[in-house]
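Me: I would like to learn how to read the features of a structural model. May we go through them one at a time?

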Amino acid sequence: MDDARRTGPFLLVLLLLFQTMAMIPAAANPTGGTVNTFSNGQAEASVALTAGTIDASLGIEVPRNVTFDSASFVVNAKDETPTPGQVYIDIGQDGVKEWAFEGTGYGNLGHQQSFITGNTVDSVYSSGYVSSSMIHIPHGASIGSVDLDVNFTSAVAGGLVPTGIVEASTSGDMDNDTLPEIAVLSTTVTGFNAAISRIDWNASTGLNMSSWVATCAGATELSMADFNGDGMDDVVSFDYTSSNACVHFTNSTTASLGAAQLVVLNSNSIQASAGDFNQDGNADIISIHSGGIFSLRTFNAKVGSFGANQTYTVNMNNTATPTTLLYLTAGHFDANASTYSAVVTDFSGHSTPLQWTAGSGISDNPAHFDGIQSQPIAGDIDNDGDIDFLGTNQIGYTIALNTGSQWNTTDVLSTSELASASALNNASFFDHDGDGVTSLIVPRATGDCNVINPSLCGNLSIFDINSTSIGAQSGALQPWDAPMDADGVDMDGDGVLEHIVAAGNGTHGLFIGPYSTIGMDINLDGQTDLSASGYSGSAQFAMDPLSIEDPMGNMTSILSPLMNALPYIEDGYGVRMSTTNFDFTSTTNGTFDLSNMDIGYDIDFIVENNPFSAGNLTNIINQQQTAGVGNFVVSLPVNATMSGTFTLSGLIAQYSPGAPNLSLPPTPTVTLTELTSDRVQIEWQDMLAFGDDLIEFEVFRSSPGVPFDLTSPYTIAGANMSVDGDVEHGTTYVYGVRSLHDYGVTSNMSIPLTVTVPFPAPPAAVAGFTVVDTPSDEGGSLDFMWNISIDGAVEYRAYLETQSIQNLSGLQPIATIAHTTDHPTMSLSTADEGITTIDGVEYYAAVVAFDGYGNSTSAFSTLGPVVSLNNSQRTAHIDYDLSTSGDFDQDQFGISALDSIHLNITLTSDGIPLAGEPLYLTIEAMGVDVELSGSTDASGVWQAIAVEDLTELGGPFTTFFDTATMTIDYLGTNGSSTMQPVAPVNRSIQGLGLLRADVAAGDTVLEIDDAGVFSLEVTLTAELPTQNTYLEGLAYTWEQRDADGNTTSTGVIEVKGGELVLTGTANATDTLVLTSDPTKSWIHPSLNPISFTFIGGPDEPTNETDANETTNDTNTTDPTFPDTTLAALVECGTATYAWEGNGTDEA
């Protein structure tokens, strides 16, 4: 389509040339010719235009009855003439422009004053390098002048923060944002003897100053360190007159300064600092005092307080005499800058490093050094990453280079510029301009700073310094008037140090800002063409930005040669535009603001072609032709956006005799012949209806309410039809068609045809749709599953309702799931979607496939009703109620064959009876294995046994002997639509199956004959005759005792024939006891043990027994017992025992 537009004008010119030569003039004009003057009779015409007003005073006087073969003129843009802004020429004022210089970023004719965005200002942020927005300049223009304001504001915008007179300042990370903050001490704050404020920077609001917080009244110095280990540095001020320190802990939530907490230093303090001296992770306070005392107060984070002063006496060099200390310098001096330590310097210039040694405490490093007789200036002189020292000596200065283990000193003669003893007061050294080289910065007075005047007094003099010398002054910085000191702190993390300077003459404060160098690359060759160095600020703190000046006109001289070499783009009016921009560099982060741009240029634009169907100026003039004689004026109406001068020249209009035969072609009648979801086809009348001069058809497309762009047909058709395959479903398009003929003649536009492209057929209902209760869950969830769609679905929407789903109107899906082909099926669980169903409630479900246009079939898949259940397995519990005429106590029973038994079993879960559940009872004992079964009633109870004697349960219970077990089994249930699953459970009842025997012993007093012999018979009869056989062989142990209870004879007899028979000898005073076998506890004789006494017999018993049993003959001496039992008295003494931990009886 673009190719058609690009080649159309050329084809049209060729067609016009051929057809002009073949035409028969309506009225013959005998000769051809050329028009080269405007209607004013001049070869050049100028008009003063008024902004927004059409001026029709310009024109071209042409002869009648001719055909123009070509026509063009030139629009002259001049740098030196007032620009008319953007302009256009509309011959006939029909809205179809014959030529225009207009568009976003075109700027004004002869003067480019805007960027490609159309804005007249441009703001770009630099992190070291940045490009401006692009700029359009006419290709081949002759650049006459370039004006551009380039202002740079650093990220930390410089200026004086109005703190009042600065007593001291320090830096550290007080809010744990990895960027340092400044703490400033002032003694001139209204309402305070001395106060501290925090100055912070952030990218959105710049520098911010906190409210003042009172501190030690006589404080003169500050230090910053993290005492309590919360990651936020705290601030401490020092009052040496009172030997006090005021610690301000930083609030860990708000990062604000806390109230002062007084810490008393050792007396006669001289200097102090703060840092983690004892290497425990918490900062401490160190200080020096008279008498050579170095003091340490450690901070205990657990109790939140400082410990007592620990002191160390520093002696004069190589003596045991305490020295007089003057200076304390603290920092991280080791090779990897990880250990905080101190260097103390005495009156003789001897410096002693002090450190913390594990196990020893405060100790001095043997690497002492001499030569520094003033407060050491600390910094990295040799750029090796560690801290070096600079100080005065008798002949000039001493440089002490830190190697990580010691300091190597070099004496330097004083220079004339730094000859005074106080020349280095408040001096410092750091990389002031970000070039990677350390400089010595010395505050110096250059005027009368005792009076207020508008000129700056004082500067920061810059000296080169290296490991062996101090060079001559290399520059001077004037951040503000009367600078008193300087320090370098990188507040924004861009790698370049901001200068922190106490300054002010009349208005006092803390100057904060970086020293920046900026550059401008005009021709984009990577080389800086213009540059500037200095401080850059903003109106917030009354400092101007850093500006690039161009006094020599470098922008003009460098930019001008590029205009013929840059690539360009050409619009429909033949205007060629090249595009360029400017590159900028900065040593610090910040913003370049570009404004007041005016690139003045001279150029001639040829007015010949245009993007409309008429194609060119030649066709437009030919369309004005009429038969007859004489001349007429083709008016050139001009419209401008600004009041200025518009100049035309270079008119060349060649013609041949005879006017063209022009007629208005028919209007196309457009009809829709095919409409699908991806194709629109339209047709109109047969091509013969449009005549022999037809060139082509222009097809236009737009949206409803949007007019056709006559400069840009949607497509060109060579036949009476057009097919549009670049359509979107559901989108409405408006089509129009007009015919294009010789000499740029066009038909009227067809009546607009509005077409809405339909959507494709929606996906069919999903197949294989199922909805089931989520298995093995605790209820409240349903599982959906379906087969993926093969009909272009992009998503599925799942619905769940308590009523049958007939349509989706008013329903909200519970889930929307993207279509995927990873698996043949898709699924979801309502629980995973945050939906909890109510167990037992009936639900209806649907899953509907949607295409990418939100369309779905009305014949979707739906299921229901379905219910969710709690499928988690419950725990069952078995209880029982056993009653018997036998024995039962605490899950132990003893039952014989003729005992009654009643056993009821209760089955529950979570206290709820389980009705209709099967239970099983197994009774096991020697010779018995009986199984019973049944089901629970509505109360969860099964009446398992109810008999008056066990024999009612069957014959085997006649041998229900020995160890017995009743086992109750519940096999559990998998649940149902009305019941939650229950786990299996069992319970056992332990006991004995008893054989009860009746013992008939007759008289329990046995008669002894004269020979001292006795005999006994005991009969044992079982409850059931069939059980007597189990008594046979039952062993009884007999034991014969004398009158004193001593065993005189023992033995064992067995039941034979249901009887126990024993014969023996005894004395009348003896006793006899028979006890059944204890290992057969299941046999329960009715009398056990059986006891006998004796009567009769000889005077002297012989203690002989004859019963064919084992006997023991003993000769014993009877013990003597008192006739009566005497009362006993037991006395208990009192003992005293000590309690553990000095406790008492009460506690």
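Me: Which side chain meets that of Glu 102 in a salt bridge?

Reply: First, the basis: this is a predicted model, in which local features need pLDDT of at least 70, side-chain atom pairs count only at pLDDT 80 or more, and totals for chains, interfaces and linings use all residues. Residues are numbered from 1 along each chain as its sequence is written, and side-chain values use heavy atoms, with hydrogens and water left out. A salt bridge is a side-chain nitrogen of Lys or Arg within 4 Å of a carboxyl oxygen of Asp or Glu. Here the side chain of Glu 102 meets that of Lys 97, at 2.7 Å from N to O.

Me: How many salt bridges does this rule give?

Reply: The count comes to ten. Among them, Arg 679 and Glu 674 meet at 3.0 Å, N to O. Glu 1039 forms another with Arg 1041, their closest N and O atoms being 2.5 Å apart. Salt bridges that share partners also join Asp 899, Arg 996 and Glu 1023 into one network.

Me: Is Glu 1039 buried or partly exposed?

Reply: Buried means under 20% relative accessible area, exposed over 50%, and partly exposed in between (1.4 Å probe, protein chains only). Glu 1039 counts as partly exposed because its relative accessibility is 24%.

Me: Which residue stands opposite Glu 1039 in strand 80?

Reply: Strands (E, at least two residues) are DSSP runs, numbered from the N terminus, and two strands pair if DSSP finds at least two bridges between them. In general, strands of a sheet pair through backbone hydrogen bonds, either parallel or antiparallel. In this case Thr 1050 in strand 80 stands opposite Glu 1039. Strand 79 (residues 1035-1041) runs antiparallel to strand 80, and seven bridges join them.

Me: In what order do the strands of the open sheet lie?

Reply: The order of the five strands is 77-84-82-79-80, with mixed pairing. Strand 77 (1005-1008) and strand 80 (1047-1054) are the edges, each pairing on one side only.

Me: Which side chain makes a polar contact with that of Ser 439?

Reply: A polar contact is a pair of N or O atoms within 3.5 Å; within protein, one must be able to donate a hydrogen and the other to accept it, and residues adjacent in sequence count only if both atoms are side-chain atoms. The side chain of Ser 439 has such a contact, of 3.1 Å, with that of His 432. Ser 439 belongs to strand 38 (residues 439-444), and Ser 439 is buried because its relative accessible area is 5%.

Me: Where does Val 755 lie?

Reply: Val 755 is in strand 59 (residues 753-756), and a relative accessible area of 3% makes Val 755 buried. Val 755 and Tyr 735 are 20 residues apart in sequence, while their C-alpha atoms are 7.9 Å apart in space.

Me: Which residues touch the most other members of the largest nonpolar core?

Reply: A nonpolar core is a set of buried Ala, Val, Leu, Ile, Met, Phe, Trp, Tyr and Cys residues joined through side-chain atoms within 4.5 Å. In the largest one, of 74 residues, they are Phe 73, Trp 99, Phe 101, Met 520 and Phe 646. Strand 49 (residues 590-607) supplies the largest share of this core, eight residues. Another core lies apart from it, with 31 residues, including Ile 878 and Ile 901.

Key. Helix = DSSP H or I, 4+ residues; strand = E, 2+ residues; numbered from the N terminus.
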